[in-house]
Amino acid sequence: MPRITLNGDVYESEPGQTIIQVADDVGVSIPRYCYHPDIGVEGSCRMCLVEAEGVPKLMPACATPIRDGLIVRSDTERVKEAVRYAMEFLLLHHPIDCPVCDQSGECWLQDYYMEYAGHLSRFPLGQKRRRRKAFDIGPTVKLDQERCILCTRCVRFTENVTRTGEIQVFGRGHTGRIGVFEDRPLDNPYSINVVDVCPVGALTSTDFRFKVRAWFLQGTPSVCGGCSTGCNLRLDHSSRPQGGGIPGYSAREGTIYRTVGRRNEAVNKSWLCDEGRLSFHALEKWPRRTEARTGSETVTVERAIEQIHSRFREIRQQHGESAVAGLGSATSTNEALYLLRRYFGGHTDFRIDRETTLYREQEDDLLRRADKHPNTQGALDLGLDGPLGGLAGLVDAAERGRIRAVWVAFHPQLVGQDDPAVFERLTRLLSAVDFSVVATTHAFHWTDKAAAVLPMAAWSEESGTYTNYAGRVQLAVRAVAPPGAARPLHELMSLMLGRSGETTPSEPAGIFALLGRELPAYSGLDYDMIGSAGCVPERVEETQEVIR
Amino acid sequence: MTGPYAVEMPVINVTDQARREPSGSWRTLLAFGVTLRHLAANLLKGDSPTISYPEERRPYSERFRGTHILTVRDDGSLKCVACYMCATVCPAECIYIDAGEHPNPEIEKFPTRFDIDMLRCIYCGFCVDACPEEAIVMSREHHQTAADRSETIYSIEKLMERPGIDSNGIGYRPNTPFLEASLYSRSKQTCDIPSDAEERHPSVLYESMFRRRS
């Protein structure tokens with residue numbers, strides 16, 4: 001274990017690390033543009049220069065491997081001067097169009113200028129180099145060559161991560177600029193990541209451009225609901241009202257404007273696929289369901305729950321316990337599925353499509369998986385793949401008259417389209433049973449057949465855990481409020497259980513604690529342990545031992 | 001004497017008070033005399049506080065700030081680049097902007113919607129100081145009559161009309177004197193406020209900004 005001294009403090013480090021990696025691990029801030037932990041080292045921006053004892057020149061922290069006994073200082077006057085000069089060169093030809101730049105507010109040039117530079121430009125304004133501004137380099141990304149500082153993060157991303165190499169550096173020295181070839185636009189399925197890695201406003205997302213300024217946004221850590229990989233992301237949504245009472249504003253208070261990759265080395269590094277990144281738009285595809293309905297009358301959720309429960313109880317008394325079944329889906333959280341199982345006992349299922357066969361299957365060698373449901377593993381852990389046989393089995397049982405009442409909790413797929421056959425089967429299921437309840441996020445046409453409809457909160461509107469394909473339990477925090485009277489599924493189920501005389505917590509943390517007590521696989525887990533990076537319970541090994 | 005209160009409180013008997021006060025018709029005549037004195041003063045000396053309003057106007061304070069104006073470029077297009085600085089600084093949160101992609105990549109961004117809720121606005125002028133493009137300034141216009149609340153939300157079209165700008169000039173800009181001083185006297189490090197009102201309201205300086213849309 002090499003020990004290095006950083007600004008006077010001694011730190012243990014792993015062999016083979018560079019100075020900047022150690023600094024990041026221990027929380028010493030070293031400025032950088034070109035270095036990115038998941039793209040690799042370039043050493044071109046000269047922002048991370050540090051003073052190493054015994055070395056006459058300043059060393060780039062990103063490209064200098066550590067050795068035992070190395071003494072590094074990043075806070076000396078010499079380092080500060082070097083960084084100030086580096087900033088002056090980087091800003092030499094910068095157009096300073098911050099008012100129209102989408103990056104401003106989260107721009108590294110702005111941040112580092114305030115922190116390290118603060119100089120007045122010595123370059124005549126009229127002689128600044130002019131470059132091509134705001135043009136499409138692909139369907140999702142716009143490039144502004146004037147703002148670029150040639151850190152080549154985007155170039156290295158397309159070279160090393162996606163291995164498509166669309167973005168290149170054209171020209172050399174003073175004429176150097178970033179660009180794409182005319183016939184090869186940036187159109188790989190991970191293209192918007194270059195916007196995330198761009199430290200300045202050179203690359204901007206066509207989807208997010210000019211929607212809102214960065215300082216109006218509030219970030220909430222969440223997990224992508226697009227597929228079973230469960231990439232970590234940050235939901236950026238509006239944080240404070242502006243525009244006062246002007247009509248059209250209030251609707252925007254709970255709007256998600258974009259998603260940004262959240263670094264988790266074990267799952268998605270810093271990346272997101274474009275489909276998953278833009279999957280929050282899927283919730284806008286249909287009108288939302290905002291109020292509860294029983295029969296043809298609109299009622300409050302509590303009243304509807306009361307009616308639904310008494311109807312379920314009647315049917316159970318008449319036709320036996322097994323005549324009532326619940327159908328969740330792998331888009332729901334562990335907490336919701338657990339309470340669903342608790343209410344319906346063993347008559348609970350979640351398979352509406354081919355999730356269980358697809359959920360480990362990769363679509364490409366980076367992130368995307370074939371199963372477009374985020375929580376298939378979690379539902380399997382809860383043992384919901386029981387004898388009901390999924391949606392197809394339920395339809396069969398209902399048509400044979402073995403199932404008389406059904407509760408369906410439906411959340412559409414965020415990525416891609418739900419199979420039309422699923423809707424067809426759901427319609428058949430609803431018309432086959434005596435009494436049907438649909439808890440749904442959107443006002444789909446097929447839900448008109450149901451005897452009662454409950455408005456349900458969608459992904460991003462509820463807190464809860466998802467278990468990804470590898471068994472990692474990850475926490476998604478509620479970012480925006482559900483519309484109208486909509487409630488998260490775990491709250492609806494908690495109300496239902498309350499009606500049947502069982503008191504369960506209604507907040508996800510409490511439900512998860514309950515789940516941990518009952519399910520050996522999740523025992524000992526709580527929200528603090530899951531934290532922002534998620535947690536893999538030791539269940540996988542356990543089950544393997546049992547099998548042996 | 002106590003009233004119907006839990007604690008002891010003095011009760012004022014108005015009738016008693018009225019009875020104690022001296023009365024008589026001569027007091028009414030005395031009050032009428034005051035009216036007559038003012039009438040005489042108005043008629044003979046002509047120092048009436050009443051003016052015939054729309055034709056005659058009272059001079060407003062130099063520091064008055066009124067309805068906002070969105071300024072235009074030489075070609076008549078809006079100067080605003082939808083940077084949201086005004087909406088950010090606005091303490092009343094009365095500015096609402098929607099930005100769009102401008103066909104000219106040199107301009108890049110422009111407001112597709114720019115609304116100010118005039119009933120919420122407190123006319124502090126922060127938006128003017130925050131604007132990096134001199135795109136929003138305030139006039140000295142205070143006529144904001146409306147028959148309906150929705151009319152008090154001013155859109156781009158209404159904000160581009162410049163009510164009374166030619167006769168009245170623009171509204172007070174507390175920071176402009178500082179700006180001017182620092183721009184025009186580089187040698188003088190201290191920025192002192194020019195004392196005369198002419199310089200403080202340099203509507204002449206901003207004439208180009210208010211060129212009418214062609």
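This report covers packing, pairing and contacts in a two-chain model.

The model is predicted: local features need pLDDT of at least 70, side-chain atom pairs count only at pLDDT 80 or more, and totals for chains, interfaces and linings use all residues. Residues are numbered from 1 along each chain as its sequence is written, while chains are lettered from A and ligands numbered from 1 in the order in which they are written.

**The sheet in chain A**

Five strands of chain A form an open sheet with mixed pairing, in the order S2-S1-S5-S3-S4. Helices (H or I, at least four residues) and strands (E, at least two) are DSSP runs, numbered from the N terminus. Two strands pair if DSSP finds at least two bridges between them. Strands S2 (9-12) and S4 (59-60) of chain A stand at the edges; each has a single partner strand, so one side of each is left without a neighbour in the sheet. Strand S1 (residues 3-6) of chain A runs parallel to strand S5 (residues 71-73) of chain A, and two bridges join them. Opposite A:Thr5 stands A:Ile71 in S5(A).

Two helices pack on this sheet, as tabulated below. Angles run from 0 to 180 degrees between N-to-C directions, and axes are lines fitted to C-alpha atoms, for helices over the stretch in contact. Contact means that the C-beta atoms of two residues, placed from the backbone, lie within 7 Å.

| Helix | Strands touched (chain A) | Angle of directions |
|---|---|---|
| H1 (residues 19-26) of chain A | S1, S2, S3 (49-52) and S5 | about 75° with S1(A) |
| H2(A) | S3 and S5 | about 155° with S3(A) |

**Helix against helix**

Two packed helices are described by the angle between their axes and the distance between the axes. Helix H2 (residues 77-90) of chain A packs against helix H3 (residues 108-117) of chain A at about 140°, with axes 9 Å apart. H2(A) and H3(A) are therefore oblique to each other. Angles under 35 degrees count as roughly parallel, over 145 as roughly antiparallel, 65 to 115 as roughly perpendicular and the rest as oblique.

Which residues of H2(A) meet H3(A)? They are A:Lys80, A:Val83, A:Arg84, A:Met87 and A:Glu88, and they meet A:Tyr112, A:Tyr113, A:Tyr116 and A:Ala117 in H3(A). The residues of this contact of H2(A) with H3(A) divide into six nonpolar, no polar and three charged. Ala, Val, Leu, Ile, Met, Phe, Trp, Tyr, Cys and Pro count as nonpolar, Asp, Glu, Lys and Arg as charged, and the others, Gly among them, as polar.

**A covered strand**

Strand S13 (residues 256-261) of chain A is mostly covered, with five of its six residues buried. A residue is buried if 20 or more other C-beta atoms lie within 10 Å of its own, exposed if 12 or fewer, and partly exposed in between; C-beta atoms are placed from the backbone. S13(A) pairs with strand S12 (residues 232-238) of chain A in the antiparallel sense, over five bridges. A:Asp236 stands opposite A:Arg258 in S13(A).

Chain B has eight helices and five strands. Of its 214 residues, 25% are buried.

The contact takes 16 residues from chain A and 24 residues from chain B. The chain A side divides into nine nonpolar, four polar and three charged residues.

A:Ala134 lies in the loop between H3 and strand S6 (135-136) of chain A. A:Ala134 is buried, with 21 other C-beta atoms within 10 Å. Leaving aside neighbours within four places in sequence, A:Ala134 is in contact with A:Lys142, A:Asp144, B:Pro105 and B:Glu108.
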